[in-house]
Amino acid sequence: MKDCIFCKIAKKEIKSYILKENKFCLSFLDINPLTPGHTLVIPKKHKESFSDLTLQEAKGLFSLVKSLMKRMREKLKVGSFTLGVNDGDLSGQTIQHMHFHIIPRYPGDGGKSIHSIVKFPLGEPLEEIYKKLK
Ligand code: AMP
Ligand code: ZN
């Protein structure tokens, strides 16, 4: 997509610190890392949400996530990670080209767990949600 910074990175039109890629996906260092090694993995084609990815793209993305985690364990000596996607406006997605964050975690980094992101359990009982989603 024109004017999408991650499309430009995927096409190698602008500089980025590319780590690994495969046919469908590409990984590169986050320009403003939350911790050393913070990496983004994206589909090469412009897709806004993780749910828009083809199965091949999803497989390519997770293959990179898996191998990068292994590399980070070895080279950065990290044993913990926070993994995830800000998917959609309300989640805080700021670049509308889907990107998966790999955030290596360090002793004393001051960060919290996924459980600290949101707490809004109001509404239907679990049974009702289950009926909708099943
Ligand atoms: P999100 O809030 O999930 O949309 O995250 C967007 C991420 O993209 C942030 O962590 C930014 O630091 C990162 N980012 C923005 N521009 C670039 C860039 N040119 N190269 C690498 N990472 C970038
Ligand atoms: Zn894009």
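1. **Aspartate 3.** Aspartate 3 sits in the segment before H1. In this predicted model, its phi is near 70°. That is a positive value in a residue other than glycine. Is aspartate 3 buried or exposed? Aspartate 3 is exposed, because its relative accessible area is 61% and the cut-off for exposed is over 50%.

2. **Lysine 77.** A positive phi turns up at lysine 77 too, at about 60°, although lysine 77 is not a glycine. Look for lysine 77 in the loop between H2 and strand E4 (80-84). Lysine 77 counts as exposed, with 69% relative accessibility.

3. **The overall layout.** The chain has three helices and five strands. Read along the sequence, their pattern is α-β-β-β-α-β-β-α. The C-alpha atoms fill a box of roughly 50 × 40 × 25 Å along the principal axes. The chain has 134 residues, and buried residues make up 32% of them.

4. **The zinc site.** Which residues coordinate the zinc ion (ligand 2)? They are Cys4 and Cys7, each through SG, and His46 and His97, each through ND1. The distances run from 2.1 to 2.3 Å. The angles among the four donor atoms are 107 to 116°, and the site is tetrahedral. For comparison, the ideal angle for four tetrahedral donors is 109.5 degrees. Along the chain, the donors of the zinc ion (ligand 2) follow the spacing C-x2-C-x38-H-x50-H.

5. Cysteine 7 lies in helix H1, and histidine 46 lies in the loop between strand E3 (39-43) and H2. The two are 39 residues apart in sequence, so this pair ties together separate parts of the chain. Cysteine 7 counts as buried, at 3% relative accessibility. Histidine 46 counts as partly exposed, at 22%. The cut-off explains that label: buried means under 20%.

6. A pair of aromatic rings is described by the distance of the centres and the angle of the planes. The count here is three aromatic pairs. In one of them, the rings of phenylalanine 6 and phenylalanine 28 have centres 5.3 Å apart and planes at 75°. The pair is therefore edge-to-face, as the cut-off is over 60 degrees. Phenylalanine 6 belongs to helix H1 (residues 5-10) and phenylalanine 28 to strand E2 (residues 25-29). These parts are 22 residues apart in sequence, so the pair ties them together. Both phenylalanine 6 and phenylalanine 28 are buried.

7. Phenylalanine 62 is in helix H2 (residues 55-75), while phenylalanine 100 is in strand E5 (residues 100-105). They are 38 residues apart in sequence, so this pair too links separate parts. Which of the two is buried? Phenylalanine 100 counts as buried, at 7% relative accessibility. Phenylalanine 62 is partly exposed, with a relative accessible area of 38%. Ring pairs link Phe50, Phe62 and Phe100 into a cluster.

8. **The nonpolar cores.** In soluble globular proteins, nonpolar side chains tend to be buried together. The largest nonpolar core here has 15 residues. Val41, Leu61, Val65, Phe100 and Ile102 touch the most other members. H2 and E5 each supply at least two residues of this core. The largest share, seven residues, comes from H2. Apart from this core lies another, of nine residues, among them Cys4, Ala10, Leu26 and Phe28.

9. **The contacts of phenylalanine 100.** Leave out residues up to four places away in sequence. Phenylalanine 100 then touches Thr39, Leu40, Val41, Leu61, Phe62, Val65, Leu83, Gly84 and Val85. Val41, Leu61 and Val65 also belong to the largest nonpolar core.

10. **A charge over a ring.** The charged end of lysine 15 sits over the ring of tyrosine 17. The distance to the ring centre is 4.3 Å.

11. **Glycine 111.** Glycine 111 is placed in the loop between E5 and helix H3 (126-133). At 45% relative accessibility, glycine 111 counts as partly exposed. Glycine 111 and lysine 75 are 36 residues apart in sequence. In space, the two are 21 Å apart, C-alpha to C-alpha.

Notes. Residues numbered from 1 in each chain as written. Chains lettered and ligands numbered in written order. Predicted model: local features only at pLDDT ≥ 70, side-chain atom pairs only at ≥ 80, totals over all residues. Heavy atoms only, no water. Phe/Tyr/Trp six-rings, centres within 6.5 Å; stacked < 30°, edge-to-face > 60°. Helix = DSSP H or I, 4+ residues; strand = E, 2+ residues; numbered from the N terminus. Buried < 20%, exposed > 50% of the residue type's maximum accessible area, 1.4 Å probe, protein only. Lys NZ or Arg CZ within 6 Å of the ring centre and 35° of its normal. Core = buried A, V, L, I, M, F, W, Y, C linked by side-chain atoms within 4.5 Å. Contact = heavy atoms within 4.5 Å. Donors = N, O, S within 2.8 Å, 3.2 Å for Na, K, Ca; no water. Tetrahedral: all angles 85-135°; square planar, octahedral: opposite > 155°, others 65-115°.
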